[in-house]
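Please look through the sequence and the structure below before reading on. The report that follows takes up a few parts of the chain in turn.

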Amino acid sequence: MTYFLIILVFLIITFLIYKYFQVRKAQAQSEGFQKRRVINILFLAFTTLIGITTLLEDAIFSILNQYLHITKPSHFDWIALAAFFIFALATVVIMWNRKPAEGSGSPSKQIHSGSGDNTGGDKVMGSQTKDQSQNNTANESTLNAGGNIHIGHVFNGTPPDSKKKVPKQLTDYLPRRKPDTVLGRGKDLDKIRELLNQEKDVVVNGMGGIGKTTLAERFVDEYFDQYQHLAWISLKESDLVSAMLKEGKLLASFGLSALGADPNTLFMELMRALTDLEDQPNLIILDNAEGELGDVAHYLPQQPNWHILLTSRQEMEGFTPYSLDFLSPEDAFKLFQQHCNTIQDKADILSLLKRIEYHTLTIEILAKSAAYHHYSLPDLENAISKDLPAGVKVPHTGNAKIDKVYTHLTRVFQFSQLTEDELWLLKQFVCLPAEFHAFSVLKEIIGNLLRRKENPILFWLKRLFSTSQKNEDNNISTVMRDLVKKGWLLHEKEGDLYKMHALIRDICPPPHPPEIAPLLAAVTEKLSLDQSKDNPVEKFVWVDFGESILRTFPEQDEEKFGDLQNNLGLRLADQGKFLQSKELLQKAVHSAEKNFGPEHPTTAIRYSNLALGLKDLGETQPAKELLQKVVRSDEKNFGPEHPSTANSYSNLATILHDLGELQPAKELLQKAIHSFEKNLGPEHPSTALRYSNLAVVLRDLGELQPAKKLLKKAISSYEKIFEPEHPAVIMGYSNLAVVLQDLGDLQHAKELLKKAVLADEKNFGPEHPSTAIRYSNLALVLKDLGENQPAKKLLQKALLSFEKNLGPEHPSTSSSYSNLAMLLRDLGEYQPAKELLQKALHSDEKNFGPEHPSTAIRYSNLATVLQYLGELQPAKELLQKAVRSDEKNFGPEHPSTARSYSNLALVLQDLGEYQPAKELLQKALRSNEKNFGPQHPTTAISYANLAMVLKDLGEFKEAIRYGEMALAAFQKSLPAGHPTIKIVENNLASIREAMKKDQK
């Protein structure tokens, strides 16, 4: 009895489920096909199970009794047999009411009833061929579209009249766009027509609002006369079956009616009627497919009689994709002008259109809004971000007005349709530069989607013990491909590149800082530099990424953003973008002070970085004060011999050097080198850098041989670690070349500087400040070699770079003015040289004060030009100021002081003050012989100048002796035929001639 009741209850429940699905079928035909199949399978399965149980009952109950002590109930045989027949009968009845699938006799697949969400399955069209489609209409009794459907017998309408003429326009709505209303789509029309004629059904795909529907409307108008019948079916928020059955005119054209008919049956009859039309070719436009069409697309009429043109944001399987590109800038401009003539400036309009990346719908909305509200271009620039009122209509909205710009665009791009992972990934793209990025780069900086959702330890444990064969590292690839397929991301197959359109970036929900934590950390790390092994040039590719993240979060002062600001600021300084670098480094300092306090080691590092940025901008005094704070902090936190403290000593020394405080700078660098040699060894790049810094100070102190020795050690270290064109190696070459120039080894200096120029042009480009310094240094060597015209071109290039990057009053620009001026002086262009030197002097007096060594050089250089212009008294006064400064800063035997003595002596000579001139030149000669030796060109200049003053004093024998010493030195150090050699030879000849005259 128990078994009987169980079976009875089961039968009742099964029957109720069956009836429920019958009711559901009428409400949702797309679900009915699949649910009915499930019931059929259930009934058949239960029938089979009961039959097997009945046949094997003895064996089954023997096992149950042995292990579970369950005995066979009385009358079981009769109960089981009755149940079997009941289920068998039900199965037969159900199967009797099913029809075989069309053509092949197999069951049809599910018809999807889309919800308007653009996230349908993968299959769109099956592999049904042209021949199958034509032959499947022969036997009406075998047709089936998934359910209890009898084609040709159950529809509620008037049977079609085979003689009735079918109209050309099969649907009430058949939009046609005239040529003058659509811009720049001629090639698209031709290509789509070509594909359709090749018996390919086409889907025009692209992002929302790009003009897919407009193109389809234009296609209808262009080729209207070439088709026998045309139908326009809008699939927006509707599945294919429902959309086609809503078209009353389409049904009536074939004598069909939807009244009381089963939708699936009616759809199949409509497809048969369309297929039976003998006229060709015909056209069906399926507009705005927001999801997959489902397997029902198999039943659409086939080529060549029918052309199917589909518009969708995504590609569709079974349809040949035609990706609609954006308008060209010129066509976008014409479209804007077509709707707005209140704004005329073409350049400004093109700038706006470039910002929205020539998105068709947005161009039309903005243009019409501007015309309607008299908006200016600045208004339109902010139309999206400020959600300005529109109050206009566009074809995209039908007859509805657009209330506000941003609000409408967010409706066009429905972010609510995205999955959690898809929205998260789009938010990462919001923070990236607005350009195409390789998938390998994106995966490297964004990471795996799963890792962001759970604890890393749990993630790896899950991965370790997971039995799934799915490669979860491909998760980000899957989501990205889905976004491309749905029209949210742009994709270039060549190079596997991905990009977010600027418009989607503007309207995408903004990310919160925790959502981009992996991206922030990755880019910050990419911008960090290990000076012991990294090339800063290789970091420049990540600068745009860092800038883009900070633009997305302009007000963030969390420490994680402070790290990014710091690293990005340093790389911008490497690029020569000093003002941008300063701004970011100041923000990084503010973040560290807020989060750690002013004496924390991290804050000290930020102070150092900012100080070096200020140094680059010529703000040396504030830089000095910051670095003094850093030294005190590091000595307190780490002690005097710690590498961090040594690094602070070195940084402060570079500032002191710029301020002319050479002896304190030398002492600090010696302390830093002692620490680095002890902690890191003599060949470590950090130690080598300090060798180089100390060499620069020693050079300015006149200690040229020790400077040369240190620079060779530094270069040897760099060449072992870095590539030949690494900036550290090039800096070593450049510094050594300057010292070699001072030592008179001009040819070697020229070779080193040529290598440095080529490397800097490759690493930084021709307008970078580092490249400009190399131009200047090489030009000065070429000048000393008498190659004045090439030197002039290099100095002019350097000056343009400094003025552009640093401004006219920066110390480096001042030096560039001075270097070019001295060359112009040698070329006889005295007035331009004077003007440049006056600008340089004004800058140096402002930046350093009247007694600074750099200012003294400007005094001296300007004086020499005034001397050539005959302005001897002002020249004398300037040189006297230069001498006082050099004696104070360097002492009487320094090369700079000797140079000032020599220049002042020449002016005194022109003024007829020969004895004071002789005394100054003798002092300069003693200094140069001591510092450079008797064969050095600088010493030779002293010989030559002293010889001419001695001539004026009538001391001819001494004059000849010094003149011959000068000639011998120049002939040894300069190439044959050098102009300086010729000048000295002429001077010697004039001395001898004067001596002969005096003897007579």
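Predicted model: local features only at pLDDT ≥ 70, side-chain atom pairs only at ≥ 80, totals over all residues.

## A strand covered on both faces

## The parallel neighbours of E4

Strands of a sheet pair through backbone hydrogen bonds, and this pairing can be either parallel or antiparallel. E4 pairs with strand E1, residues 202-205, in the parallel sense over four bridges, and within that pairing Val 204 stands opposite Thr 311 of E4. Strand E3, which covers residues 282-289, also runs parallel to E4 and is joined to it by six bridges, with Leu 310 in E4 as the bridge partner of Leu 286.

E3 pairs in turn with strand E2 in the parallel sense, over five bridges.

## The chain as a whole

The protein chain contains 43 helices and 10 strands, and of its 1000 residues 51% count as buried. Where contacts join residues at least 6 apart in sequence, 68% of them link residues that are at least 24 apart. The accessible surface of the chain comes to about 46400 Å², and carbon and sulfur atoms account for 53% of that area.

## An antiparallel sheet

Three further strands are arranged as an open sheet in the order E8-E10-E9, and their pairing is antiparallel. Strand E8 (437-438) and strand E9 (490-492) are the edge strands, each of them pairing on one side only. Between E8 and strand E10, residues 497-499, the antiparallel pairing runs over two bridges, and the bridge partner of Ala 438 in E10 is Leu 497.

## Nonpolar cores

The largest nonpolar core has 131 residues, and those with the most contacts inside it are Tyr 718, Leu 836, Leu 878, Tyr 962, Phe 970 and Ile 991. Apart from this core lies another one, of 99 residues, which includes Leu 174, Tyr 223, Leu 432 and Trp 488.

Once residues up to four places away in sequence are set aside, Ile 991 touches Ala 947, Met 948, Lys 951, Phe 956, Ala 959 and Ile 960.

## Aromatic pairs

The structure holds 11 aromatic pairs. One of them joins Tyr 173 and Trp 232 in an edge-to-face arrangement, with 6.2 Å from centre to centre and 85 degrees between the planes. Trp 232 is buried, with a relative accessible area of 2%, whereas Tyr 173 is partly exposed, with a relative accessible area of 47%.

Tyr 718 and Phe 722 form another aromatic pair, which is tilted, at 6.1 Å centre to centre and with 35 degrees between the planes. Both Tyr 718 and Phe 722 are buried. Elsewhere, ring pairs link Phe 219, Tyr 223 and Tyr 227 into a cluster.

## A buried arginine and an enclosed helix

The side chain of Arg 606 makes a polar contact, at 2.7 Å, with the side chain of Asp 563. Leaving out residues up to four places away in sequence, Arg 606 touches Glu 559, Gly 562, Asp 563, Asn 566, Ala 588, Val 589 and Ala 592.

Helix H22, residues 543-552, has seven of its 10 residues buried, so this helix is largely enclosed by the rest of the structure. The buried residues in H22 are Val 543, Phe 545, Gly 546, Glu 547, Ser 548, Ile 549 and Leu 550.

Methods: Residues numbered from 1 in each chain as written. Heavy atoms only, no water. Pairing = 2+ DSSP bridges. Buried < 20%, exposed > 50% of the residue type's maximum accessible area, 1.4 Å probe, protein only. Contact = heavy atoms within 4.5 Å. Areas by Shrake-Rupley, 256 points an atom, 1.4 Å probe, with all protein chains shown as cover. Polar contact = N/O pair within 3.5 Å; in protein donor to acceptor, adjacent residues only side chain to side chain. Core = buried A, V, L, I, M, F, W, Y, C linked by side-chain atoms within 4.5 Å. Phe/Tyr/Trp six-rings, centres within 6.5 Å; stacked < 30°, edge-to-face > 60°.
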